[in-house]
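User: Here is the model I want to go through with you, and I'll jump around a bit.

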Amino acid sequence: MAGPHLQQPSFLLATLKADCVNKPFVQRCHDLERYIEEFPAKELHGIFPWLVESIFGSLDGIIVGWNLRCLQGKTNPIEYPVALDFLDPSGPMMKLVYKLQAEEYRYDFPVSYLPGPVKASIQEQVLPECSLYHNKVQFPSSGGLGLNLALNPFEYYMFYFAISLITQKNSPVTHHVSPSNSAYFILVDTYLKCFLPTEGSVLPPPYSNPGGAIPSPTPRSPPVPFTSYGMHHTSLLKRHIAHQPSVNADPASQEIWRSETLLQIFVEMWLHHYSLEMYQKMQSPHVKLEVLHYRLSISSKHHGSPAQSGYQALHAYQESFKPTEEHVLVVRLLVKHLHAFSNSLKPEPLSPSAHSHTASPLEEFKRVVIPRFVQEKLYIFLQHCFGHWPLDASFRAVLEMWLSYLQPWRYAPEKPPQTTESLPRSVSEKW
């Protein structure tokens, strides 16, 4: 009996691959839901990386996957609701994630596909300031290719989901419908509302086994002496769960762990394509002059000129990545939700006795979410968009993203009182 059991994962994977050719999309999702319910984590572990790639596409952009960015209710009325239900925070795919999470499985994510400044930093053995990368860098065994991050299932799933906005940008997009109607855009909104709620707390995982959510991967190789760059912001979770066994982890800490991880992944994958150091260099008059010479030298074909050689490093960080209009719209959605999230912070208690009750980790997260996790990278992202965006109507997306950031009162949860429409719109004194 042991033989067939050991071959089961590969048999399951072969079955799923054959289904991709022979069965319609809706039937495949229905079958996957049944497999996730019936099979143990040990056997689902073998199909997880393939399934994530088959949904979100490959990191090199060759495999398109479900093409969520083009999946719309008007053009795909049958597949659209099925995909959203399957990938919902309480749907089958997230149940699979938590099922594997409980068993502490790890999955390799190649460093070479991370945003430019992060990739360059890790390759130079300088640990990025973001706690998302701590204790995760895996060095190749002899003959191995490249560096990897060892991610737990929740991180692996969200890394692929977030980065598919970048890697799949060359896939055909339907221009008849706004990107904000795509399955991808709806899922971003759904995940933000679930894991960064403006009311109540984060829903517990569907599989709430003891130790169901693992705080951080255990390094599988000897630690390497990394140095840190920039201001080092430690995770809010450090005092809660960083070093305690997952079985004894506080439920509130598990809640904040998922919230912080989701936000860090979104910020890193969508905004961290330009380093602060390079941005500061770009502001100096000397470098601005070099950049001007470089651009002029392109037209005269002066390859190898001092201006070009001096600009190569800056070009690698600042010019290689060009966000799309859809990318900017997704970032604006993130900004709007973060304003609503941080503005839902409960007011400070007035009585001194009430101070004895410490704020929950989620409330503390609301207090620091924008200045600590988002502000600096968003500023550099905006600066780059202002400097490099094409001179066409799509600049409106960049402008609206900037205005959304500047006007947090527009997204405050409190509703204005019902008054006559003739009264002018006013902004509360606290802003």
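**Cavities, salt bridges and surface**

Analyst: The second largest cavity contains about 60 Å³ of space. A cavity here is a set of points on a 1 Å grid, laid over the protein atoms alone, where a 1.4 Å probe fits but cannot get out; the points are joined across faces, edges and corners, and the volume is the space filled by probe spheres set on them.

User: What should I know about the model before reading on?

Analyst: This is a predicted model, in which local features need pLDDT of at least 70 and side-chain atom pairs count only at pLDDT 80 or more, whereas totals for chains, interfaces and linings use all residues. Residues are numbered from 1 along each chain as its sequence is written, and side-chain values use heavy atoms, with hydrogens and water left out.

User: OK, how many cavities does a search of the whole structure find?

Analyst: The search finds three cavities of 30 Å³ or more.

User: And which residues line the second largest cavity?

Analyst: Its lining, meaning residues with an atom within 4 Å of a point, is made up of Ile55, Phe56, Val64, Trp66, Asn67, Leu68, Arg69, Ser164, Gln168 and Tyr184. Sorted by class, that gives six nonpolar, three polar and one charged residues, where Ala, Val, Leu, Ile, Met, Phe, Trp, Tyr, Cys and Pro count as nonpolar, Asp, Glu, Lys and Arg as charged, and the others, Gly among them, as polar.

User: Arg69 is in that list, so which residue does Arg69 form a salt bridge with?

Analyst: Arg69 pairs with Glu326, and their closest N and O atoms are 2.6 Å apart; a salt bridge here is a side-chain nitrogen of Lys or Arg within 4 Å of a carboxyl oxygen of Asp or Glu. Arg69 lies in the loop between helix H4 (48–56) and helix H5 (79–87), while Glu326 belongs to helix H15 (residues 325–343), so the pair ties together parts that are 257 residues apart in sequence. Helices in this numbering are DSSP runs of H or I with at least four residues, counted from the N terminus.

User: Are Arg69 and Glu326 buried or exposed?

Analyst: Both Arg69 and Glu326 are buried, which by the cut-offs used means under 20% relative accessible area, with exposed being over 50% and partly exposed in between (1.4 Å probe, protein chains only).

User: How many salt bridges does the structure hold?

Analyst: It holds 13 salt bridges, and Asp19, Lys23, Asp31 and Arg34 are linked in a network of them.

User: What about Arg396, which residue is its salt bridge partner?

Analyst: Arg396 is bridged to Glu400, with the closest N and O atoms 2.8 Å apart, and both residues lie in helix H17 (residues 395–406), four residues apart, about one turn of the helix. Arg396 is exposed at 57% relative accessible area, whereas Glu400 is partly exposed at 23%.

User: And how far apart are the closest N and O atoms of Glu364 and Arg367?

Analyst: In that salt bridge they are 3.6 Å apart, and the two residues sit three residues apart in helix H16 (residues 361–388), again about one turn of the helix. Glu364 is partly exposed at 24% relative accessible area, and Arg367 is likewise partly exposed at 37%.

User: Switching topic: which residues form the nonpolar patch on the surface?

Analyst: Phe386, Leu399, Trp402 and Leu406 form it, with about 330 Å² of accessible area together, the areas coming from the Shrake-Rupley method with a 1.4 Å probe and only the protein chains shown counting as cover for residues. Such a patch takes residues with over 30% relative accessible area and no salt bridge, and joins nonpolar side chains (Val, Leu, Ile, Met, Phe, Trp, Tyr) within 5 Å. H17 gives the most to the patch, with three residues; Leu406 is placed in that helix and is partly exposed at 40% relative accessibility.

User: Now helix H6, how many of its residues are buried?

Analyst: Helix H6 (residues 92–101) is mostly covered, with nine of its 10 residues buried, among them Pro92, Met93, Tyr98 and Lys99.

User: Last one: what separates the C-alpha atoms of Gly73 and Ala183?

Analyst: They are 8.0 Å apart, although the two residues are 110 residues apart along the chain. Gly73 is in the loop between H4 and H5 and is partly exposed at 31% relative accessibility. Another such pair is Leu271 and Tyr379, 108 residues apart along the chain, with 9.2 Å between their C-alpha atoms; Leu271 lies in helix H11 (residues 251–271) and is buried at 1% relative accessibility.

Definitions and conventions:
On a 1 Å grid over the protein atoms alone, a cavity is a set of points where a 1.4 Å probe fits but cannot get out, and a pocket is an open set with protein on both sides within 12 Å along at least five of seven lines; lining residues have an atom within 4 Å of a point. Patches are made of residues with over 30% relative accessible area and no salt bridge: like charges are joined within 9 Å, nonpolar side chains (Val, Leu, Ile, Met, Phe, Trp, Tyr) within 5 Å.
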